[in-house]
Amino acid sequence: MNGGRQPSMADVALAAGVSAQTVSRTLRGSPNVNPETKQRVLAAVEQLGYRFNNAAKMLSSGRSHTIGLIVLQSGGYYSRSAVTAGVEAAAGEAGYAVSIATIARLDTGLMERALTKLADQGVDGIVIAVPLISVTQKMEDITRDIPTVTVDGSRTAGARVLGIDQRAAGRVATQHLLDLGHRQVWHVAGPDEWIEARQRREGWRECLAAAGIETPPVLEGDWSPASGYRQGQILAMIPEVTAVFAASDEMAFGIIRALRERGRSVPGDVSIVSVDDIELAAYCAPPLTTVRQDFYASGAAAVTLLLQGAGEPEIEPPSLSVRESTTAPRVTDR
């Protein structure tokens, strides 16, 4: 039937006359599968010899001792690698392997395939580090049946959430610049399809509105230093710009370079604050004022939360690391 290849969960589903998700639920021991369906699935597993792969091992042991991790191919090298390192370290200490599914772009179809791949492997839990705004029924089904924690990523009814309050991060960053005496704060946002980018932008707007300040046009980047550089060239040509809130450290690096190339100093002419506090932020010239996110710790905490099997969502308040990229505006700008 399979031409010598190992049978897949799709083969079992076809033989049993059910969906692949039903096969996954059966092998996981979900109480939502009726006895007659369960028997059909187990008979198909036996017939096809599916017991020799990961999911079949789960059938006998009840555990695969593997945690799935979904990451985005792009979206910040440091954050992606730090989250992955944190997940792998915590999983390894607990005796678990990590299976990584990488998606090329923010797309619900790709996300569904990544989740299905991990479900087919019989992972004991999933960490999602991909921020999708749209959540499909299939995503809901998988994350309901498999314990799932998101690291500032996709929100589903069954997943628990770790991270900082991104809207509050936008407010804290913006308020810092207003407290220094700047009368306006411009914003270089992340991609609109990212939850974090939207929430940081909302926090920026809320803070300016509370101060009675009309928001200037939003400049959008893609998290990369190159996109920050492009938007920094635009900002450098606007004389009244004295303060900028960048949605990520990497974009802030690009903005700083563009401003300097155009003869505008940081922070003498323009103050810059951002979000992430990656390791390079403290060594930028000047050292970058930024809202801290500990990606490594978030990855490790996600694994701990999965293995505990219980717990409430953990949303931390933002913490601002004040360095030398922000200062009061020049007296002539007041």
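Guide: A polar contact is a pair of N or O atoms within 3.5 Å, of which, within protein, one must be able to donate a hydrogen and the other to accept it. The model discussed here is a predicted one, and T143, found in helix α7 (residues 137-145), gives a case to start with.

Visitor: What makes the approach of the side chain of T143 to the backbone oxygen of E140 a polar contact?

Guide: The side chain of T143 reaches that backbone oxygen at 3.3 Å, and because the cut-off is 3.5 Å, the pair counts as a polar contact. A polar atom of the T143 side chain also lies 2.8 Å from the backbone oxygen of M139, a distance that again falls within 3.5 Å.

Visitor: Why is T143 called buried?

Guide: Its relative accessible area is 2%, and buried means under 20%, so T143 is placed in that class. By this criterion, buried residues make up 53% of the 334 residues in the protein, whose secondary structure comes to twelve helices and twelve strands.

Visitor: How do you know that the buried residues of α3 are on the same side of the helix?

Guide: The buried residues of α3 are T37, V41, A44, V45 and L48. They cover an arc of only 100 degrees around the axis, which puts them on the same side of α3. An α-helix has 3.6 residues a turn, so residues three or four places apart point the same way. The face turned away from this buried side carries P35, Q39 and Q47, which are exposed.

Visitor: How does the reach of α3 compare with the one expected at 1.5 Å a residue?

Guide: Helix α3 (residues 35-48) has 14 residues and reaches 20 Å from its first C-alpha to its last, which is close to the expected 20 Å.

Visitor: What caps the N-terminal end of α3, and what follows the helix?

Guide: The cap is N34, with a side-chain oxygen 3.2 Å from the backbone nitrogen of E36, and this distance is within the 3.5 Å cut-off for a polar contact. After α3 comes G49, whose phi is positive, near 75 degrees.

Visitor: What makes R323 and D277 a salt bridge, and which parts does the pair tie together?

Guide: Their side chains meet at 3.0 Å, N to O, and because the limit is 4 Å, the pair counts as a salt bridge. R323 lies in the segment after β12 (320-321) and D277 in the loop between β9 (271-276) and β10 (289-292), so the pair ties together parts that are 46 residues apart in sequence. R323 has a relative accessible area of 24% and is therefore partly exposed, while D277, at 8%, counts as buried.

Visitor: Which residues meet D192 in salt bridges, and how are they classed?

Guide: D192 meets R198 at 3.2 Å, N to O, and R201 at 2.6 Å; both values are within 4 Å. D192, at 29% relative accessibility, counts as partly exposed, as does R198 at 33%, whereas R201, with 11%, is buried. The structure holds 13 salt bridges.

Visitor: Why is G228 called buried, and which residues is it in contact with beyond its neighbours in sequence?

Guide: The relative accessible area of G228 is 0%, and since buried means under 20%, the label applies. G228 is found in helix α10 (residues 225-236) and, leaving aside neighbours within four places in sequence, is in contact with M251, G254 and I255. D249, 21 residues from G228 in sequence, is 9.4 Å from G228 in space, C-alpha to C-alpha. Across the protein, residues 24 or more positions apart account for 70% of the contacts with a separation of 6 or more.

Conventions:
Residues are numbered from 1 along each chain as its sequence is written. This is a predicted model: local features need pLDDT of at least 70, side-chain atom pairs count only at pLDDT 80 or more; totals for chains, interfaces and linings use all residues. Side-chain values use heavy atoms; hydrogens and water are left out. Helices (H or I, at least four residues) and strands (E, at least two) are DSSP runs, numbered from the N terminus. Buried means under 20% relative accessible area, exposed over 50%, partly exposed in between (1.4 Å probe, protein chains only). Contact means heavy atoms within 4.5 Å. The expected span of a helix is 1.5 Å times one less than its number of residues. The arc is that of the directions from the helix axis to the C-beta atoms.
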